[in-house]
Amino acid sequence: MRIAVSAASLNFGDIARCRGTVASVMGQLPFTLGMDACGVVDKAGDGATEWVGRRVVAMTKQSLGGLAEFAIAPSTTTFDAPDGLDDVTAAAFTLPFHVGYLALHRRAKLTSGENLLVVGGASAVGTAMIQLGVAAGANVIAIAGGPEKVRLCEDLGASAIDHTAGDLFDEVNARTDGHGADVAVDLVGGDQTEVIWTCLAREGRYLPVGFNDDPQSGLTGRPLRKVSMGNITVLGVILGYGELPVEFRRFGLNIFPAEVGREVHGALLDLLATGRVHPVIGRRIAMDEVAGALDDHEQRRTMGRTVVTVGRG
């Protein structure tokens, strides 16, 4: 489907593509950045014509092309835009909350009363994870860098730890009465990965959701013996909906079917309608500010979602 874009978001994956480093989906030059967008469908192929004229949020084809006047998106990753959100806010909603819901509910099966640790809590996905955890009745602990980011996490309902000012192992155990985290979602990765593992409770679940602090973007080897020693579980999660040929599994890709995306979107719309979650926007910028904003993301000078106004947003 072709979408007349009004607003699109920036992602850490865009930085990897700019640098030519590892991303889950790589593009061949030349390409246009932009993993997700909000706009109106103006053209659609056979079997999807009912979408024409509808205001939508979408994850773009191959996670590219959203930062443009028009973007292409599969019907499997296109959803009705939330009625209560303007285009800019809707553009900030889709990817963080979909990946958050898949991670916490589909993969980790988080339950009320459990301890949830969110690493990178002030990021767009982190703020979504915190809210989804609070809505699920979990005791949410967020890790962030610096007082301003800590305050944001606390405003969203988390108990926040400033990783620049304390020992993570001691802090997590102090806030869980020595039990540790039942679930940890890690949006950062890198050298602190094994420290986060030590913060997990026995039979805790660790989800490597992002690799923003890992120069090899998650391809750094980790000692599996430490997973065994801690009696913990590592759960993978990737955001993607559709039907792929079985041969894609040879390359390690095994995404969720389209109906899971519809179920997740419906559940998220219910949470939005009842005020239990909302997108956190750090900045609204114009197209000519994208390069500087991506540099700020890379240098950890941002909070929440950065949204680019493209057309009518």
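**Figure 1. Glu-171 and Arg-175 lie 4 residues apart in helix α6 (residues 168–175), a separation of about one helical turn.** Helices (H or I, at least four residues) and strands (E, at least two) are DSSP runs, numbered from the N terminus. The model is predicted, so that local features need pLDDT of at least 70 and side-chain atom pairs count only at pLDDT 80 or more, whereas totals for chains, interfaces and linings use all residues. Residues are numbered from 1 along each chain as its sequence is written, and side-chain values use heavy atoms, with hydrogens and water left out. The side chains of Glu-171 and Arg-175 form a salt bridge with an N to O distance of 3.1 Å; the term denotes a side-chain nitrogen of Lys or Arg within 4 Å of a carboxyl oxygen of Asp or Glu. Glu-171 is partly exposed, at 27% relative accessible area, and Arg-175 is also partly exposed, at 30%. Here buried means under 20% relative accessible area, exposed means over 50%, and partly exposed covers the range in between (1.4 Å probe, protein chains only).

**Figure 2. A salt bridge joins the side chains of Asp-42 and Arg-2, at 2.7 Å from N to O.** Asp-42 belongs to strand β2 (residues 36–43) and Arg-2 to strand β1 (residues 2–9), so the pair ties together parts that are 40 residues apart in sequence. Asp-42 is partly exposed, with a relative accessible area of 29%. Arg-2 is likewise partly exposed, at 27%. Arg-2 also lies over the face of Phe-70, 4.4 Å from the ring centre. A charge is taken to sit over a ring if NZ of Lys or CZ of Arg is within 6 Å of the ring centre and within 35 degrees of the ring normal.

**Figure 3. The side chains of Asp-80 and Arg-54 meet in a salt bridge of 3.0 Å (N to O).** The pair links distant parts of the chain, 26 residues apart: Asp-80 is in strand β5 (residues 78–80), and Arg-54 is in the loop between β2 and β3 (55–59). Asp-80 is partly exposed, with 33% relative accessible area; Arg-54, at 26%, falls in the partly exposed class as well. Arg-54 additionally lies over the face of Trp-51, at 4.0 Å from the ring centre.

**Figure 4. Strand β3 is joined to β2 by 5 bridges and to β5 by 3 bridges.** Strands β2 and β3 run antiparallel, and β3 and β5 also run antiparallel. Two strands are counted as paired if DSSP finds at least two bridges between them. Cys-38 has Val-57 of β3 as its bridge partner. For Val-56, the bridge partner in β5 is Asp-80, whose side chain also takes part in the salt bridge with Arg-54. Strand β3 is mostly covered, with 4 of its 5 residues buried.

**Figure 5. The rings of Trp-197 and Tyr-206 form one of the 3 aromatic pairs in the structure.** Their centres lie 6.0 Å apart and their planes meet at 85 degrees, so the arrangement is edge-to-face. Rings of Phe, Tyr and Trp (its six-membered ring) pair if their centres lie within 6.5 Å, with planes under 30 degrees apart counted as stacked, over 60 as edge-to-face and the rest as tilted. Trp-197 is buried at 9% relative accessibility, and Tyr-206 is buried at 3%.

**Figure 6. Phe-12, in helix α1 (residues 12–19), is in contact with Asn-212, His-297, Glu-298 and Arg-300, when neighbours within four places in sequence are left aside.** Contact means heavy atoms within 4.5 Å. Phe-12 and Asn-212 are 200 residues apart along the chain, yet their C-alpha atoms are separated by 7.0 Å. Phe-12 is partly exposed, with a relative accessible area of 24%.

**Figure 7. Arg-283, Asp-295, Asp-296 and Arg-301 are linked in a network of salt bridges.** Side chains of opposite charge can pair when their charged atoms come close. A search of the whole structure finds 13 salt bridges. The chain that holds them has 10 helices and 13 strands, and 52% of its 313 residues count as buried. Among contacts between residues at least 6 apart in sequence, 66% join residues at least 24 apart.
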